[in-house]
Amino acid sequence: MSLEAMGDMLIQQGYHEVICYSFVDPKLQTLLEPSRSACVLSNPISAEMAEMRSSLLPSLLSTLQYNLNRQLKQLQIFEIGSRYFIQDTEIKEEIMISGLRYGPKGQEHWDQKPQPVDFYDIKGDVERLLHAGGMPIRFEPGVYPALHPGRAASVYLGENRIGWIGEVHPRILQSLDLSAYPAVCVFELTANSLLRRQIPSY
């Protein structure tokens, strides 16, 4: 499966692609990943863009904040991009595919009460994306600092863990002034582990 094919499949599911800076706010990154080893820039553009992102989640949450400040009530976005981490004193780069859903399911209707997205919606999105290539995936309970306890899972392809899904932790939503909103659901997958798979053509 190519990166373009993965993007096209998410677009078919109602996602919109975003392209974000690889530089993020150290405070936000520390909030999401307290134990990370950060790649600090020696000459950053600004104090809010002083580190290379170790996950695409800070970028997606910043995009959510930007849109909520402009009265958007529903958001379904994804990004295919790089994350950076330190391994054996060297800076490594890894291509990830990450998505975020917020707000009601589907479109508003006069005779139906809107239902907010939840863990099972983001799980279904990832299942549709990966099962299209006949991938033997499974989900197992997981614990991540940025995700809600009991509403997070690791994603496995065969015996290899390739990512995670879940709802953003309420503590983080409160810190970002998002606590008044319904659940924010996210996923992140290692793209390289998916590139060798084939998807059917129609």
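Of the protein's 202 residues, 50% count as buried. The model is predicted.

Trainee: What radius of gyration does the protein have, and what would a compact globule have?
Mentor: The chain has 202 residues, and for that number a compact globule would have a radius of gyration near 17 Å. The value for the protein agrees with this, at 17 Å.

Trainee: How many helices and strands make up the secondary structure?
Mentor: The C-alpha atoms fill a box of roughly 55 × 40 × 30 Å along the principal axes. The secondary structure of the protein comes to 5 helices and 10 strands.

Trainee: Which residues are closest to the centre of the largest pocket?
Mentor: The largest pocket holds about 510 Å³ of space. Its lining has 21 residues, and those closest to the centre are E33, R83, R161, W164 and E188.

Trainee: Which element gives the most to the lining of the largest pocket?
Mentor: At least two lining residues come from each of α3, β6 (90-102), β9 (160-168) and β10 (184-190). By class, the lining divides into 10 nonpolar, 5 polar and 6 charged residues. The element that gives the most, with 4 residues, is β9.

Trainee: Is S55 buried or exposed?
Mentor: S55 sits in the loop between β4 (51-52) and α3 (57-68). Buried means under 20% relative accessible area. S55 has 5% relative accessibility, so S55 counts as buried.

Trainee: Which side chain makes a polar contact of 3.0 Å with the side chain of S55?
Mentor: Leaving aside neighbours within four places in sequence, S55 is in contact with Q29, E33, R83, W164 and E188. The S55 side chain also reaches the backbone nitrogen of L57, at 3.1 Å. The side chain that joins that of S55 in a polar contact of 3.0 Å is E188.

Trainee: Which element supplies the largest share of the lining of the second largest pocket?
Mentor: The second largest pocket has a volume of about 360 Å³. Of the 17 residues in its lining, F23, P58, S59, S62 and T63 are the closest to the centre. Two or more lining residues come from β2 (23-24) and from α3. The largest share, 6 residues, comes from α3.

Trainee: How many residues in the lining of the second largest pocket are charged?
Mentor: The nonpolar class has 10 residues in this lining and the polar class has 5. The number of charged residues is 2.

Note on methods:
Residues are numbered from 1 along each chain as its sequence is written. This is a predicted model: local features need pLDDT of at least 70, side-chain atom pairs count only at pLDDT 80 or more; totals for chains, interfaces and linings use all residues. Side-chain values use heavy atoms; hydrogens and water are left out. Buried means under 20% relative accessible area, exposed over 50%, partly exposed in between (1.4 Å probe, protein chains only). A polar contact is a pair of N or O atoms within 3.5 Å; within protein, one must be able to donate a hydrogen and the other to accept it, and residues adjacent in sequence count only if both atoms are side-chain atoms. Contact means heavy atoms within 4.5 Å. On a 1 Å grid over the protein atoms alone, a cavity is a set of points where a 1.4 Å probe fits but cannot get out, and a pocket is an open set with protein on both sides within 12 Å along at least five of seven lines; lining residues have an atom within 4 Å of a point. Grid points are joined across faces, edges and corners, and a volume is the space filled by probe spheres set on the points. Ala, Val, Leu, Ile, Met, Phe, Trp, Tyr, Cys and Pro count as nonpolar, Asp, Glu, Lys and Arg as charged, and the others, Gly among them, as polar. The radius of gyration is taken over C-alpha atoms; the globule rule is 2.2 Å times the number of residues to the power 0.38.
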